[in-house]
Amino acid sequence: MRRAVCPGSFDPITYGHLDIIERASKLYDVVHVAVLVNKNKQGLFSIDERISMIEETTAGYGNVQVESHQGLLVDYCRERSIPAIVKGLRAVSDFDYELQMAQMNHGLTGVETLFLPTSPTWSFLSSTLVKEVASYGGDVSHLIPPTVHTRLVERIAERAAR
């Protein structure tokens with residue numbers, strides 16, 4: 001069985017993320033989506049909320065499993081016998097950092113990294129940018145799935161009301 005992992009923070013999941021996950025789901029029998037926990041970052045959404053949104057938006061693919069992980073991605077891979085990491089690249093600037101990570105991961109455990117170029121439609125897109133634009137009232141509905149958009153607007157309103 002061919003298995004791979006698509007890691008990220010997914011705070012929130014965007015159409016750019018879904019582009020990579022969907023394409024990976026066509027290449028592998030099982031795609032694990034690992035929501036990575038960064039103790040140094042406070043996300044807009046909890047890990048459980050992110051997992052829920054990812055499960056909801058990837059349900060149609062049929063071969064995606066979603067869970068969280070705190071620690072090294074290669075440990076996640078080793079614990080689940082996953083030989084490959086799939087990463088999306090938006091621009092050349094992404095490649096510099098991701099290549100270093102791929103080489104480190106391979107050196108640590110032998111796990112391979114597959115780079116997929118993001119669709120040009122989504123090459124500018126990041127969760128950070130979506131949250132920033134939405135926090136100023138900008139329309140990001142075309143950048144994230146409808147249910148994610150609803151949750152994002154609600155969360156921003158909740159935070160503004162505090």
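**Helix packing and aromatic pairs**

Mentor: Strand 1 (3-8), strand 2 (30-36), strand 3 (64-69), strand 4 (84-89) and helix 4 are what the buried residues of helix 3 pack against, contact meaning heavy atoms within 4.5 Å. This is a predicted model, in which local features need pLDDT of at least 70, side-chain atom pairs count only at pLDDT 80 or more, and totals for chains, interfaces and linings use all residues. Residues are numbered from 1 along each chain as its sequence is written, and side-chain values use heavy atoms, with hydrogens and water left out.

Trainee: What puts the buried residues on the same side of helix 3?
Mentor: In helix 3 (residues 73-80), Leu 73, Val 74, Tyr 76 and Cys 77 are buried. They cover an arc of only 155 degrees around the axis, so they lie on the same side of helix 3; the arc is that of the directions from the helix axis to the C-beta atoms. Arg 78 and Glu 79 are exposed on the other side.

Trainee: Why is Trp 122 called buried?
Mentor: Buried means under 20% relative accessible area, exposed over 50%, and partly exposed in between (1.4 Å probe, protein chains only). Trp 122 has 19% relative accessibility, so it counts as buried.

Trainee: Why is the pair of Phe 95 and Phe 115 called edge-to-face?
Mentor: Rings of Phe, Tyr and Trp (its six-membered ring) pair if their centres lie within 6.5 Å; planes under 30 degrees apart count as stacked, over 60 as edge-to-face and the rest as tilted. Here the centres are 5.8 Å apart and the planes at 70 degrees, so the pair is edge-to-face.

Definitions and conventions. Helix = DSSP H or I, 4+ residues; strand = E, 2+ residues; numbered from the N terminus.
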